[in-house]
Amino acid sequence: MKQLTINHISFLHTNGDKQFCNINFNLPQGLTGLVGDNGVGKSLLVDIITAKVKATTGTVELIGPLIFLEQNPRVTLTNNKTVADYLGAASKLNALKNIENGSIAEQDYQLVADDWLFASTFKRQLAKLSKNISPNSKLCHLSGGELNKLMLYRLFNQAALENAILILDEPSNHLDGLSKQWLAEQLLSFKGQCLLISHDRLLLNLCRHIAKLTPLGIELVESNYDGFEQQRLLNENAQAKKLKQLLALQKRTKLSAQRDAEKAQKRASQGVKKSKQGGLPKILLGSKQHQSEASLSAKMSQHQSKLSNIAQQLLAAKTPNVATPIQFGLTANQQKTKRLLQVKDILLPHVNTTVSMEVKNGEKWHLNGKNGSGKSSFLHLLTKLSHVQKPSVILANDNAINTPQIYTSAVINTQICLLDQHCSLIQNHLSLLENFSHFCPQLNQSDRRTLLATNGFRKDKVFQKAASLSPGEKMRLAMLIASHQHNTLLLLDEPDNHLDISSKEILSDALLRFNSSFILVSHDQEFVDKCGITHKYELT
């Protein structure tokens, strides 16, 4: 029987900061979604499970094989291997081809093993992934979405063959709508145990269990994500109601104690007055004063005991806020140029698609298209064109660009800032503060620290190397840098990838209020609809 159990896992960073403590978790049967705020340590916890990182305390018990898909494995992006090589089909395909050409070699027949329809079956399977993928396609020519889908295809087959536990870290990144639907079908048909780390509501709603990671532990709920969120809201409302009642009781108790103290003070004042008038014997006045003080002391003790009890209940009722408050600030537009960008009949490499587009000041474009249609290629091409200083009109086969596929012209009247899928803007060897200072020299040190703090990077966190950031944190830092580029056309290539659900909401609201121009690539239609898009361009 397969089993994955986490026992009392804690992790402390080298500077002594605590990431999480006393994590206990037993992976249920079926599909389980692991959720949590950016930076809480989801990917770190998986690295501990897969023995890439050693926990400070605790153990991981694993029974059976484990297969893991990490976020954005980029090693194959520069790999000249073919799809057939990657999927382990090259030898069999070559053997079939040799036999077709007349080979009688025994090793070719052994490789084929009477599976004479393998080539046609293999091609049909690849066609279901993408019409652009063939056995001879090179991995380095695939788009991020196509490559991700190919890796998922291999892992699902391997997990089914080995009866393995499967862990998928943000598997829907870079996938278009049809590809996400394909992934959903694979997850539903997978019979084993699967831990899905995701911020994608579509996939999380397929789960039988939701596990939420916080610095204090894992909360496991038998529900899909919508049910989990509904229960969370009910709990929060009940908690807020209880807090309101306790605060009101605390206020009434303090007022009651104040009134009793004022009454006692008034009686004492009256006793002193009578004493001066000589109406009562001194011994009797002394006795009454002693009784009054004793009564007040008892009442004050009762009030203090009640207030202490209320304070303890308030402390228990207040759930620690483990979410990191963030705030994407987008600089105001000061550009006077009306037309920022015009390209005409630009031919994109590998996909043989031409693009013609004109972007004016204040326009917000959504660049849409299936995986492999050339969206990222187009944004990277615009960045290359923007680096050509003179002339601003770039003609066919310009040597300065070194892209012979470009035809006719492009006019760029603005600076361009590209935030790509992999946050290449961020320099891993620099600290967070050094990155921000490098790209935003117009801000003073105090403003930089304040802006980093509003995005969850507080105190000594700003001195950490960017390489230590989680993918979600790195995207937040890159978005913060991009959003403070003056008079710049922003090219946003799936900026919502890696962001938790609340961070997506904040980013979409910031883009909605942004009064300058951007070109946005995203496959999350709900996110796109909230960004204030004014124009759309479909790559086909």
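Let me start with how helix α5, residues 118-129, packs on helix α6, residues 144-162: the angle is about 130° and the axes are 10 Å apart. Axes here are lines fitted to C-alpha atoms over the stretch in contact, with angles from 0 to 180 degrees between N-to-C directions. That makes α5 oblique to α6, oblique being what is left after under 35 degrees (roughly parallel), over 145 (roughly antiparallel) and 65 to 115 (roughly perpendicular). Helices are DSSP runs of H or I, at least four residues, numbered from the N terminus.

This is a predicted model, where local features need pLDDT of at least 70 and side-chain atom pairs pLDDT 80 or more, while totals for chains, interfaces and linings use all residues. Residues are numbered from 1 along each chain, and side-chain values use heavy atoms, without hydrogens and water.

Now the cores. A nonpolar core is a set of buried Ala, Val, Leu, Ile, Met, Phe, Trp, Tyr and Cys residues joined through side-chain atoms within 4.5 Å. The largest has 49 residues, and L150, L168 and L187 touch the most other members. Helix α6 gives the largest share of this core, eight residues. Beyond four places in sequence, L187 contacts L31, F156, L168, C194, L196, L203 and L206; contact means heavy atoms within 4.5 Å. Another core, of 33 residues, lies apart, and L432, L477, L499 and L511 are among its members.

Last, T383, in helix α11, residues 375-386. Is T383 buried or exposed? T383 counts as buried because its relative accessibility is 15%, the cut-off being under 20% relative accessible area with a 1.4 Å probe, protein chains only. Leaving out residues up to four places away in sequence, T383 touches I416, L418 and L491.

How values were computed. Helices (H or I, at least four residues) and strands (E, at least two) are DSSP runs, numbered from the N terminus. Buried means under 20% relative accessible area, exposed over 50%, partly exposed in between (1.4 Å probe, protein chains only).
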